[in-house]
Each structure stands twice: as structure tokens, then as C-alpha cells.
Amino acid sequence: EGRDAEQIVAIASPLDVHASVFGENAVSYTEAFGLKALLRRIPGGFEIAVESSFADMLGDYLARATAP
């Protein structure tokens, strides 16, 4: 979530997540940092679901992508 959510997801996924294309409550299978993922736009950001064995890895990738 947050003002940079769309830019971060655009880095993580090859999917076009611009609001005009991937609108509110849109859902799609895609890749997130090379992992098979389910992506959903929610108010203020996105939800990304991956297999539970990859959750920590995705969290690490997201932390690195948002680091100052």
C-alpha cells in the first residue's frame, strides 16, 4: 500500500498495472520477482499472493525494492 505501490508492482511484475488498465479489484495471475503470483488491486495498493513457501522470499524482495 502507499503512493509508490504502483511503481513497485511495475518493477516486480511484467503486468501493466496502470489504474486505467488494471482497475480497482482487478485480479490476475502473473509473476512477482519471478515467482508465480496472484495480484489484486485494492484501495490504496495491491495484494500479492504466492505459495506459502515463497512468502518470506517475496517479503525480502519487497523490502529491498522499497528500501531508501
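1. Start with Thr30: its side chain makes a polar contact with the side chain of Ser13 at 2.8 Å (N or O atoms within 3.5 Å, one able to donate a hydrogen and the other to accept it; residues adjacent in sequence count only if both atoms are side-chain atoms). This is a predicted model, where local features need pLDDT of at least 70 and side-chain atom pairs pLDDT 80 or more, while totals for chains, interfaces and linings use all residues. Residues are numbered from 1 along each chain as its sequence is written, and side-chain values use heavy atoms, without hydrogens and water.

2. Thr30 sits in strand E1, residues 27-32 (strands are DSSP runs of at least two residues, helices, H or I, of at least four, numbered from the N terminus). Thr30 is buried, at 16% relative accessible area (buried is under 20%, exposed over 50%, partly exposed in between, with a 1.4 Å probe and protein chains only).

3. Gly45, in strand E3, is buried too, at 5%. Ala5 is 40 residues from Gly45 in sequence, yet their C-alpha atoms are 5.5 Å apart.

4. There are two aromatic pairs here (ring centres of Phe, Tyr or the six-membered ring of Trp within 6.5 Å; planes under 30 degrees apart are stacked, over 60 edge-to-face, the rest tilted). Phe22 and Phe46 are stacked, 6.5 Å centre to centre with 20 degrees between the planes. Phe22 is buried at 6%, and Phe46 is buried at 11%.

5. Phe33 and Tyr61 form a tilted pair, at 5.4 Å and 50 degrees. Phe33 is partly exposed at 23%, as is Tyr61 at 30%.
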